[in-house]
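Welcome! Take a moment to open the sequence and the 3D view side by side, and then we can walk through them together.

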Amino acid sequence: MDGIHSAAKLVAWEVPASMSRRTVHRSCTLCEATCGIAVEVEGREIRRVSGDDLDPFSRGEICPKAVGMRELQQDPDRLRRPLLRTAAGFQEISWEEAWSRAAEGLARVREAGGPDAVALYRGNPGIHDHATTLGTQVLARALGTRNSFSAGALDTWPRFVQVSSMYGGPLRGPVPDVDHSDYFLMLGANPLVSQGSLMTAPGIRRRLRELRARGGKLVVVDPRRSETAARADEHHFIAPGTDAAFLFAMLHVLFEEGRVDLGRCAGIVRGLEEVERAVAGFPPERVAARCGIPAATIRRLAREFSDARSAVAYGRMGTCVQRFGTLASWGLDLLCILTGNLDRRGGAMFVNPAAPLHFALESERPVRFGRWRSRVGGREEVLGEFAVMALAEEIETPGEGQVRALVTVAGNPVRTAPNSARLERALASLEFMVSLDYYVNETTRHAHLILPPTGPLERGHYDLALYHFSVRNVAKWSPPVFEPEPGTRDAWQTSLELARRLMGLGATTHAQFDDLVLRTFAGRALADSRFHGELDLDRVVEAAGKEPGPERILDVLLRLGPYGDGCGRNPGGLTLARVQQSEHGIDLGALEPRLPEQLATASGCVELAPERLLADLPRLEGWLGEPPAPSLQLINRRDLRSMNSWLHNLPGLAKGRERCTLQMHPQDAGSRGLADGALARVRSRVGEIRVPVELTLDVMPGVVSLPHGFGHDGDGLGLRVATQRPGSNVNAVSDDAPTDAPSGASVLFGLPVEVERAG
Ligand SMILES: Nc1nc2c(c(=O)[nH]1)N[C@H]1C(S)=C(S)[C@@H](COP(=O)(O)OP(=O)(O)OC[C@H]3O[C@@H](n4cnc5c(=O)[nH]c(N)nc54)[C@H](O)[C@@H]3O)O[C@H]1N2
Ligand SMILES: Nc1nc2c(c(=O)[nH]1)N[C@H]1C(S)=C(S)[C@@H](COP(=O)(O)OP(=O)(O)OC[C@H]3O[C@@H](n4cnc5c(=O)[nH]c(N)nc54)[C@H](O)[C@@H]3O)O[C@H]1N2
Ligand code: SF4
Ligand SMILES: [Mo]
């Protein structure tokens, strides 16, 4: 496992070469790293998947999951045709019948209960496929429901709310300029396993190694000595949920010691005095004991950070899905800004994506939250959605607008959302449910219809969403490796077929509808682009050509983007065709300073002290004032060969030692009579699970760690490999009640649990 590069050899699967072999270069779509892979095929057989040495971004690096691209393509359990649930189980039906039945079933519920009676849930893999990203936008519009949900409230919301509040929109935040940084302070992220998140950085292990090799320093702050922490210059245990306090203490030191220096941001920030007042109450000596980090260490880290030639503070799941996720995310950016490291080489920098998608998430500028509220819980709308914890209550609670039907796209909320048993009961009670998914899994087993997309190597691919977070500006098109298998339909077609029917446009042909969709996207992209006012929409639509499909939209986004040909206004600029000519992808260069044009705030400044964030300070103060809870605190972890709740059905990734263990400090285990390997019962307000204990000094005393995404149990799953080693479902014990106030996101890490010997 040492060296991601050598993993390429591990996963290689060689057979003798033959004349008919060919190699297709493309990107791996299994995580956010977008590594280039070389797929060697013979007929429809995949002979080998390895790193693409000529990909300018990933330079040959891959991780062991890359083999999953082959196994997923070939998995006999992966669905190829639509399934209808009948009394005798799931049965294959024709596509025409499937689309019609799906649209009719949804329309029926909508007619009886209004548009909000149909809910939509979009899962994580949808952002790894441009056709699904764009297609589900069309579907969402056709459904017209306010009951729209995604994995966002289990993941990015605190960061997106903070970034929107400070810079004007969710995709406008900075990413670490890891390749040039001299000091990397990392809280609550484990990129050596996750491969980076909201930081698209293929080969992150190499990048961090290079940072240290050039004299830079990597400091990791995490309640677990993670795989990344183990390779850092320093690791500090921190008590879960105390990151905001820790970061405010560092900021306190900057003010106290006269170290505040805005650098490039001078003159374009607002609210510095408010920040000074806000952190005045957080001297290191006050928070040290609660964080578990000595005051002298906090002071030293603040000085080191401000003295470094360039420095960046980065956090991910551990600073998001915790009790004070938005405040912690705020603290990270403030630390960069107040030390002159925002928009500075080696600091936190802004990406300039070739195919910008800002308009897709920014219905207003600056983005506002809470424009409407959920019916039952009164939860605020965030980026056009409600937190997925509201889904169960909206299904359970009768009355006008009650959710009676659901569409899921590429998601498994019955395993990935907290209090999953409650959500599963709710889904089982629905009148109608449609899932666009590859598998019959814990969620889709409740669907009346499952509509699978084409295989992962049967589609073209562009990392539309992830390139908004890449640590270099890049553009790469991946051609399909194979023609789609006969009898399959792609995600785009299914989305549009459903949308067209739901919009009552049955008389419109698919091609006409595709034109309409193109025009809508092109209009929004044009209004958003630097060519606004210079080009008219007809010209843009005409430039995109006549071939239906999501690639026309991609072409428009590239042409109107910062490097685009402007549909002729900027000859020599990017078009999709030009991107396609570069087999290994195009490097558009290192991140460059982008202030102030990056900003979409009303003031045109970086808002250092947004009202929504300031308003959460009393909650933090109150919590710090209470004595810490006596129970153990549960945090989660990820596994290198897994991806959230899926990929467990792929034999090459499922093998190896048991991964679903409760990591526990010997001190905590001893006092409960738990030996290594013993079966523990983990209990919370919402449920209990049984799981083997793994004793380790790598977790902080008082903290226990479980992986997320397991629990492939119960009836009716079409996962023959995964069900052999089901593991335990952490979300059976994750409480769905606690939230991070400013974002409404779930608190998944740092939840209280009781652990005892299973009798
Ligand atoms: N306790 C706890 N809960 C968590 C987390 C945690 O750390 N701890 N992490 C959270 C995070 S960060 C996330 S992102 C979520 C993920 O939550 P979800 O998005 O709900 O779950 P996934 O496991 O990513 O779901 C993947 C589903 O998509 C299907 N799929 C894969 N590729 C495709 C495709 O191309 N098209 C279609 N149509 N379907 C496809 C798979 O078959 C599978 O059913 O989980 C969250 N939940
Ligand atoms: N192999 C693999 N790769 C993945 C995934 C996967 O499931 N498997 N999932 C993908 C997805 S959807 C995402 S969003 C990313 C997530 O990417 P990361 O956030 O990098 O991954 P996590 O493992 O969730 O890391 C969170 C870290 O936060 C720590 N932590 C927990 N609570 C706290 C706290 O209160 N404070 C601090 N400072 N730290 C805390 C945990 O111990 C853990 O080390 O990974 C992606 N990549
Ligand atoms: S790091 Fe991510 S993108 Fe790269 S090979 Fe592994 S799973 Fe694929
Ligand atoms: Mo995620």
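A residue is called buried when its relative accessible area is under 20%, exposed when it is over 50%, and partly exposed in between, using a 1.4 Å probe and counting protein chains only. Before applying this, please note that the model is predicted, that local features need pLDDT of at least 70 and side-chain atom pairs count only at pLDDT 80 or more, while totals for chains, interfaces and linings use all residues. Residues are numbered from 1 along each chain as its sequence is written, chains are lettered from A and ligands numbered from 1 in the order in which they are written, and side-chain values use heavy atoms, with hydrogens and water left out.

Let us begin with one residue, Q322. Its relative accessible area is 1%, so Q322 is buried. You will find Q322 in the loop between α12 and α13 (325-338); helices (H or I, at least four residues) and strands (E, at least two) are DSSP runs, numbered from the N terminus.

Next, look at two helices. Helix α24 covers residues 617-625, and its buried residues are L617, L620, W623 and L624. Seen down the axis of α24, they fall within an arc of 125°, so they line one face of the helix; the arc is that of the directions from the helix axis to the C-beta atoms. P618 and G625 are exposed, on the face of α24 turned away from the buried side. In helix α9 (residues 272-280), V275, A278 and V279 are buried. Their arc around the axis is only 85°, which puts them on the same side of α9. The face of α9 turned away from that side carries E273 and R277, both exposed.

Now for the ligands. Ligand 1 has 31 residues around it, with Y121, N124, D437, N441 and S645 coming nearest; a residue counts as near if one of its heavy atoms lies within 4 Å. Oxygen atoms of ligand 1 meet polar side-chain atoms of D437 at 2.6 Å and of S645 at 2.5 Å. The protein covers 98% of the 920 Å² of accessible area that ligand 1 has on its own, as found by the Shrake-Rupley method with a 1.4 Å probe; for residues, only the protein chains shown count as cover. Where does ligand 1 lie? Domain 2 (95-143 + 400-461 + 486-584) and domain 4 (629-757) both give residues to its shell, so ligand 1 lies between them; the domain bounds come from an automatic or database domain assignment.

Ligand 2 is surrounded by 31 residues, and the closest are D222, D243, D639, S642 and N644. A polar side-chain atom of R638 is 2.8 Å from a nitrogen atom of this ligand. The protein covers 99% of the 920 Å² of accessible area that ligand 2 has on its own. Domain 3 (157-354 + 598-617) and domain 4 (629-757) both contribute to the shell, so ligand 2 lies between them.

Finally, ligand 3 has a shell that includes C28, C31, C35 and C63.

How values were computed:
Polar contact = N/O pair within 3.5 Å; in protein donor to acceptor, adjacent residues only side chain to side chain.
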